[in-house]
Amino acid sequence: MMDDATNVTEAEQSFRTAIEHSRVHAAKSWELRATTSLARLVAKQGNRDEARAMLADIYHWFTEGFDTADLKDAKALLDELGN
């Protein structure tokens, strides 16, 4: 049975892999979704500044669609992290 640290490490790696795949395929919506999940995980580990910076980078790429669920979710997390 895996411990919590192993699960967190595997989850973090999975999100980072998803982000890289999204970038290769220029799939910004998927990159946003994966980055939001990773930022949430990183923030829970106490790295709020890192979480805010990574999420702000992708969030500010968008120029429209701010009424979509993914962008609303990202904005809410940015606000929570003190953007």
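This is a predicted model: local features need pLDDT of at least 70, side-chain atom pairs count only at pLDDT 80 or more; totals for chains, interfaces and linings use all residues.
A residue is called exposed here when its relative accessible area is over 50% and buried when that area is under 20%, with partly exposed in between. Ala 26 has a relative accessible area of 62%, and it is therefore exposed. Ala 26 sits in the loop between α1 (4-24) and α2 (28-44). Most residues other than glycine have a negative phi. Ala 26, although not a glycine, has a positive phi of about 50°.

Glu 20 belongs to helix α1 and is partly exposed, because its relative accessibility is 43%. Glu 20 and Glu 31 are eleven residues apart along the chain, and their C-alpha atoms are separated by 8.0 Å. Leu 41 is part of helix α2; with a relative accessible area of 15%, this leucine is buried. Between the C-alpha atoms of Leu 41 and Val 8 the separation is 7.9 Å, while 33 residues part the two along the chain.

Helices α1, α2 and α3 (48-59) each supply at least two residues of its lining. Sorted by class, the lining of the largest pocket has six charged residues, five nonpolar and one polar.

In the pair of Trp 61 and Phe 62, the ring centres lie 5.1 Å apart and the planes meet at 85°, so the arrangement is edge-to-face, the class for planes over 60 degrees apart. The two partners can also be compared by their accessibility. Trp 61 is partly exposed because its relative accessibility is 48%, whereas Phe 62, at 12%, counts as buried.

Helix α3 also contains Leu 55, a residue with 0% relative accessibility that is therefore buried. From Leu 55 to Lys 72 there are 17 residues along the chain, and 12 Å separates their C-alpha atoms.

The last helix to be considered is α4 (residues 69-81), which has 13 residues. From its first C-alpha to its last, α4 reaches 18 Å, close to the 18 Å expected at 1.5 Å a residue. Leu 71, Ala 74, Leu 77, Leu 78 and Leu 81 are the buried residues of this helix. They cover an arc of only 125° around the axis, and so they lie on the same side of α4. An α-helix has 3.6 residues a turn, so residues three or four places apart point the same way. On the face of α4 turned away from the buried side are the exposed residues Ala 69 and Glu 80.

Note on methods: Residues are numbered from 1 along each chain as its sequence is written. Side-chain values use heavy atoms; hydrogens and water are left out. Rings of Phe, Tyr and Trp (its six-membered ring) pair if their centres lie within 6.5 Å; planes under 30 degrees apart count as stacked, over 60 as edge-to-face and the rest as tilted. Buried means under 20% relative accessible area, exposed over 50%, partly exposed in between (1.4 Å probe, protein chains only). Helices (H or I, at least four residues) and strands (E, at least two) are DSSP runs, numbered from the N terminus. Ala, Val, Leu, Ile, Met, Phe, Trp, Tyr, Cys and Pro count as nonpolar, Asp, Glu, Lys and Arg as charged, and the others, Gly among them, as polar. The expected span of a helix is 1.5 Å times one less than its number of residues. The arc is that of the directions from the helix axis to the C-beta atoms.
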